[in-house]
Structure formats: C-alpha cells, structure tokens
Amino acid sequence: MNKNQLDLLVALQDIDLMLKELDDVKQLGFEVRNEGAEALEKAREELTQKIGKPLLGKYERLRARYKRAIVPVKGDTCLGCFMRLPTYLITHKDKHNQIITCEGCGRILYWLE
Amino acid sequence: MNIADLLGFLSEERFIPELKAKTKDEALEELTDLLVEANLIRNKHLILEMLHRRESVGSTGIGHGIAIPHGRTTAAPELIIAFGRSSNGIAWEAIDGKPVHLIFLVIAPPHEEDNQYLPMLGKLVEFLHDENNRKKLLEIKTYQEFEELIKA
C-alpha cells in the first residue's frame with residue numbers, strides 16, 4: 001500500500017512538473033498537442049483517485065508552500081532544506097516504500113540511492 | 001551553453017551504437033536500463049511512466065529520423081543523457097511520420113541549481129537540425145567518434 005502510494009505521489013509530482021513546462025518544450029520545437037495539457041490533467045485526476053485523501057491533502061499543502069512536495073535525499077541530506085537527516089531515517093529499512101517526511105522542512109522524502 | 005556541454009551529461013556507458021529495440025517502448029526501456037545499470041536511478045518504472053506520459057502529450061520524434069524523449073522526474077538525481085541509434089529505424093509517430101534512427105534520452109530532476117535542462121534540450125534540437133550533423137551521427141562507429149563530432 002505505502003509503496004504504491006509513494007510511487008503514485010512521485011508520478012503525480014512528475015505530471016505537475018510536465019504541466020508546468022509544456023509551453024517551454026513546445027517553444028523548443030517539440031510537438032505538444034492542443035489537447036496535451038487536458039490529457040495530462042485527466043491523467044492527474046485519475047492518479048489522485050488512487051491516493052488516500054489525507055496523503056493527497058498533505059501533498060497539495062506542501063506543494064502550495066514549497067512548489068515541490070517531494071524532495072530527493074542524496075547521501076544523508078534532504079535536498080529540500082539541506083538538513084542532515086537523523087541516522088534512524090537514513091537506516092530505515094523501508095525508506096523506499098514508506099511515506100517519510102523531513103524533520104526540517106516537512107517535505108516527503110524520495111531516496112535516490 | 002554549448003553543444004559540447006552535452007558530453008558532461010553523457011558517457012560511453014550511456015551510448016548504444018546499435019539498439020536492439022524494434023519499437024518505441026523497447027527503445028525507451030533499453031535506454032532507461034542503461035541508467036539502472038550505471039546506478040544512476042533505482043526505479044526505472046517511474047522514469048518509464050514519465051516518458052510514456054510525455055509521449056502521450058505529443059511525440060518526441062522531431063522529424064528527420066530524430067527523437068528526443070525527455071522530461072523531469074523526481075526519480076532523477078541529475079541531468080542525464082543517453083544515446084541510442086537504430087539502423088533499421090523505429091516507428092515513433094514522429095511529426096514527419098518517418099522512422100527514427102537517432103535517439104537522445106534526456107531526463108532531469110525537478111530542480112537543478114544551474115537550470116541546464118531546457119537550454120540543453122534547445123542546443124540538442126539546434127544541433128540536430130543540421131543535416132551534416134545528422135549524417136555524421138548515422139556514420140560514427142564509436143563513442144570517441146561521437147565525442148569528436150560533438151566537440152567539433
């Protein structure tokens with residue numbers, strides 16, 4: 001459940017990133033169909049149906065505050081606020097599957113490694 | 001930014017002179033697998049999902065046998081480029097309807113300190129609009145020849 005939820009949230013953030021840059025890539029000469037943004041919004045809507053409401057609410061609140069709700073962790077550092085994470089989080093056995101937030105900024109963590 | 005900067009994001013390990021892939025999906029997977037093998041990403045499914053979603057918005061086949069699948073994803077640690085070539089060509093629903101022979105995969109994290117992703121995409125498009133560059137890319141055999149062409 002949690003593994004899917006984290007992956008779904010990452011996919012959701014990836015859609016939000018794509019929506020934001022559609023015009024930019026179109027200007028570079030890439031094809032972006034007129035209905036492209038609409039299709040992405042639809043995919044976004046379908047994705048949100050699969051995410052638990054409290055978690056989705058958390059994502060939207062974090063997005064409103066920080067622009068990006070999920071931030072990568074490199075080594076032992078949250079790349080959102082650059083705070084070193086405590087050892088118990090770094091060594092968390094299920095950190096790739098669980099929804100874990102940074103104790104410094106509150107954003108959801110995605111471990112790159 | 002210069003096209004030679006591309007070499008900072010691509011390496012020999014991410015250079016496939018002849019793709020095994022016969023379809024667009026297979027090509028995306030073959031190139032993404034390189035990133036897994038290089039330990040650059042740990043979840044290829046998230047990358048593939050993003051790339052397929054991007055294709056659903058509009059083909060990344062920009063014509064003249066070129067495709068530049070691209071996108072930002074939370075699962076990318078840095079700006080990464082991989083290259084693959086298909087002598088036979090791959091159907092990509094490109095804007096000119098022609099099969100694709102040269103594929104540059106470009107992925108980037110949500111945020112980069114120096115914002116190189118969009119400028120790099122732009123430089124790549126510009127470089128590949130030149131017919132001579134496309135011809136040479138179809139002829140090169142090794143990564144060293146690729147490097148020389150990009151640096152020239």
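**Entry 1, the helix pair.** I kept in mind that this is a predicted model. I started with H1 (residues 24–37) and H2 (residues 44–57) of chain B, whose axes come within 10 Å and cross at roughly 145°. I noted the crossing of H1(B) and H2(B) as right-handed. Next I looked up who meets whom: from H1(B) I wrote down Leu28(B), Glu29(B), Thr32(B), Asp33(B) and Val36(B), and across from them in H2(B) are Lys44(B), Ile47(B), Leu48(B) and Leu51(B). Sorted by class, the residues of this H1(B)–H2(B) contact come out as five nonpolar, three charged and one polar.

I then went to Ala38(B), which sits in the loop between H1 and H2 of chain B. Skipping neighbours within four places in sequence, I found Ala38(B) in contact with Glu13(B) and Arg14(B). I also checked His101(B): it is 63 residues from Ala38(B) in sequence, and their C-alpha atoms are 24 Å apart.

I looked up the contact and got 26 residues from chain B and 28 from chain A. On the chain B side, H2, strand E4 (70–72) and helix H3 (117–129) each supply at least two residues. H2(B) gives the most, with seven residues. By class, I have that side of chain B as 12 nonpolar, nine polar and five charged residues.

Methods. Residues are numbered from 1 along each chain as its sequence is written. Chains are lettered from A and ligands numbered from 1 in the order in which they are written. This is a predicted model: local features need pLDDT of at least 70, side-chain atom pairs count only at pLDDT 80 or more; totals for chains, interfaces and linings use all residues. Axes are lines fitted to C-alpha atoms, for helices over the stretch in contact, and angles run from 0 to 180 degrees between N-to-C directions. Helices (H or I, at least four residues) and strands (E, at least two) are DSSP runs, numbered from the N terminus. A crossing is left-handed if the near helix is turned anticlockwise from the far one by less than a right angle, and right-handed if clockwise. Two residues are in contact if their C-beta atoms, placed from the backbone, lie within 7 Å. Ala, Val, Leu, Ile, Met, Phe, Trp, Tyr, Cys and Pro count as nonpolar, Asp, Glu, Lys and Arg as charged, and the others, Gly among them, as polar.
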